[in-house]
Amino acid sequence: MSAFGILLKRDLLLAYRRRSELANPLLFFVMVVSLFPLGVSPESKVLQTLAPGIIWVAALLAALLSLDTLFRSDFEDGSLEQMVLTHHSLPLLVLAKVLAHWLVAGLPLLVIAPFLGVLLFLPTDAMFPLMVTLLLGTPVLSLIGAIGVALTVGLRRGGVLLSLLVLPLYIPVLIFAASAVATAGTGLPIAGQLYFLAALLTLSLTLAPFAAAAALRISLS
Amino acid sequence: MWAFLQKFSSPKYFYSLAGQMIPWLGAICGLLFIAGLYYGLFVAPPDYQQGESYRIMFIHVPAAWMSMFVYVVIALMGAIGLIWKIKLADIIAASSAPLGASFTFIALVTGSLWGKPMWGTWWVWDGRLTSELILLFLYFGIIALNVAIEDKRNAARASAVLALVGVVNIPIIHYSVQWWNTLHQGATVSKIGAPSIHISMLIPLLLMAFAFKFYYATVLLIRARAEVLERERNSSWVMELVK
């Protein structure tokens, strides 16, 4: 088994052993979304227009919240250092960790999103597009976030700093994803937005592991 | 050339050379500011549509140009610092970040002051305004990361990675924001068109642009000198200097 597979399996196993923690970002996602009807208006028309943006902003924040666990425990027990020292390519190992993180933190958002869409009166036509945008968009969030976490993992109070570093870089994903969902609700084609999201995914998939690996090396030096 | 660069990048030589350059750069900057402001405020004719209030452009546009220029400088210096491990590049990048942020801030504030009488509102979610605001956030990120990491060398390398990631992202952010804007509200606001600007307005604008460049160079060198002293405080030449 390759190093990639071993690390992926290990991280998934670790996540499974701490399954109570896994629910937290998900609960956060649901709660943030349910705050909006209380704060803005319970009227279906208002919520319908806001729904794509609300769901995506909440997904963004939930992703941000879960990012901290990406390298933290490995950094604290020293296994991250060992990974950097091995002869395996570090970007590949980073990719394995990000994939594991996305499977436990990103994928559940995708499953629960239609339910939230119903809560916010999102048109049924937009449900499937919502899931597609989350499928394409949340990996980008994890990949870009990995760079931010790698830069701040050595710091005692990295949490707030992380959001400052990462949120501006999330903006393109938010724009394309939310606009795709909103456009789908009106029945117009959304291929353009989806292509852009796919392009962002490809770009971050190819470049982010290298940037995150470089950042890890700096944080650990 | 290489020998000169190598010599220039040694902190000690840089410190003394920068000290000699600062008065000259500052003087040129002052002259350019006086000339540019005089031409811009008194000589250039009022705009046929906007009257006198367009004159804020002579601050706004150079500041906006500098806001992007400085970010590129930071990314470039970051790359140089990462690849060739030149200390001076780290110092220049670190000293540039607050300057870039202040240029961005000036561009946003002057734009907003101009927007109130012209567009009737302080703020519009226009593509350009929004991407300038995001640029300000990126600057804050770099500054915050630089401050948060105690070891100066690591702080510089981490900020360099962040600046390079930002440079890849800036065009994406810029175009996505413009695209988002056109999708949502169409061309309700068209900014000063790029094409024809009269020569009588172009001259003060260029003078001001150069004044801003020289201001940046002057203040950058002053800040970098202070930074050099702080980082090299344990070396013999600094001890001798401050004795």
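# Chatting about chains A and B

Q: Is Arg10(A) buried, partly exposed or exposed?
A: Arg10(A) is partly exposed, with a relative accessible area of 27%. Keep in mind that this is a predicted model.

Q: Ok, and which side chain does Arg10(A) meet in a salt bridge?
A: That's Asp74(A), and the N to O distance is 2.9 Å. The pair links distant parts of the chain, 64 residues apart: Arg10(A) sits in helix H1 (residues 3–17) of chain A, and Asp74(A) sits in helix H4 (residues 72–76) of chain A.

Q: Which residues are linked with Arg10(A) in a network of salt bridges?
A: Asp11(A), Asp74(A) and Lys97(A) are linked with Arg10(A) in that network.

Q: What lets side chains pair like that in general?
A: Side chains of opposite charge can pair when their charged atoms come close.

Q: Let's go to chain B. Which residue forms a salt bridge with Lys152(B)?
A: Glu227(B) does, and the closest N and O atoms are 3.3 Å apart. This pair also links distant parts of its chain, with Glu227(B) in helix H7 of chain B and Lys152(B) in helix H6 (residues 152–185) of chain B, 75 residues apart.

Q: Glu227(B), buried or exposed?
A: Buried, since Glu227(B) has 14% relative accessibility.

Q: Zooming out, how many helices and strands has chain B?
A: Chain B has 8 helices and 0 strands. Reading along the sequence, you get the pattern α-α-α-α-α-α-α-α.

Q: What box do the C-alpha atoms of chain B fill?
A: Roughly 60 × 40 × 30 Å, taken along the principal axes.

Q: What percentage of the residues in chain B is buried?
A: Buried residues make up 45% of the 243 residues in chain B. As for contacts with a separation of 6 or more, 78% of those in chain B are accounted for by residues 24 or more positions apart.

Q: And what does the accessible surface of chain B come to?
A: About 12,800 Å², and 70% of that belongs to carbon and sulfur atoms.

Q: How many positive and negative side chains has chain B?
A: There are 17 positive and 11 negative side chains in chain B, and the centres of the two sets lie 5 Å apart.

Q: Which residues make the nonpolar surface patch?
A: Leu37(B), Tyr38(B), Tyr39(B), Leu41(B), Phe42(B), Val43(B), Ile199(B) and Ile203(B) make a nonpolar patch of about 780 Å².

Q: Which helices of chain B each supply at least two residues of the nonpolar patch?
A: Helix H2 (11–43) and helix H7 (199–231) each do that. The largest share, 6 residues, comes from H2(B).

Q: New topic: what's up with the phi of Phe121(A)?
A: Phe121(A) has a positive phi of about 60 degrees although it is not a glycine. Most residues other than glycine have a negative phi.

Q: Where does Phe121(A) lie?
A: In the loop between helix H6 (90–119) and helix H7 (127–152) of chain A. Phe121(A) is partly exposed, with a relative accessible area of 39%.

Q: And what is the phi of Lys85(B)?
A: Positive too, at about 55 degrees, and Lys85(B) is not a glycine. Lys85(B) lies in the loop between helix H3 (57–84) and helix H4 (87–119) of chain B.

Q: Is Lys85(B) buried or exposed?
A: Exposed, because the relative accessible area of Lys85(B) is 55% and exposed means over 50%.

Methods:
Residues are numbered from 1 along each chain as its sequence is written. Chains are lettered from A and ligands numbered from 1 in the order in which they are written. This is a predicted model: local features need pLDDT of at least 70, side-chain atom pairs count only at pLDDT 80 or more; totals for chains, interfaces and linings use all residues. Side-chain values use heavy atoms; hydrogens and water are left out. Patches are made of residues with over 30% relative accessible area and no salt bridge: like charges are joined within 9 Å, nonpolar side chains (Val, Leu, Ile, Met, Phe, Trp, Tyr) within 5 Å. Accessible areas come from the Shrake-Rupley method with a 1.4 Å probe; for residues, only the protein chains shown count as cover. A salt bridge is a side-chain nitrogen of Lys or Arg within 4 Å of a carboxyl oxygen of Asp or Glu. Helices (H or I, at least four residues) and strands (E, at least two) are DSSP runs, numbered from the N terminus. Buried means under 20% relative accessible area, exposed over 50%, partly exposed in between (1.4 Å probe, protein chains only). Contact means heavy atoms within 4.5 Å. Lys and Arg count as positive and Asp and Glu as negative; His and the chain ends are not counted. The place of a charge is taken as NZ of Lys, CZ of Arg, CG of Asp or CD of Glu.
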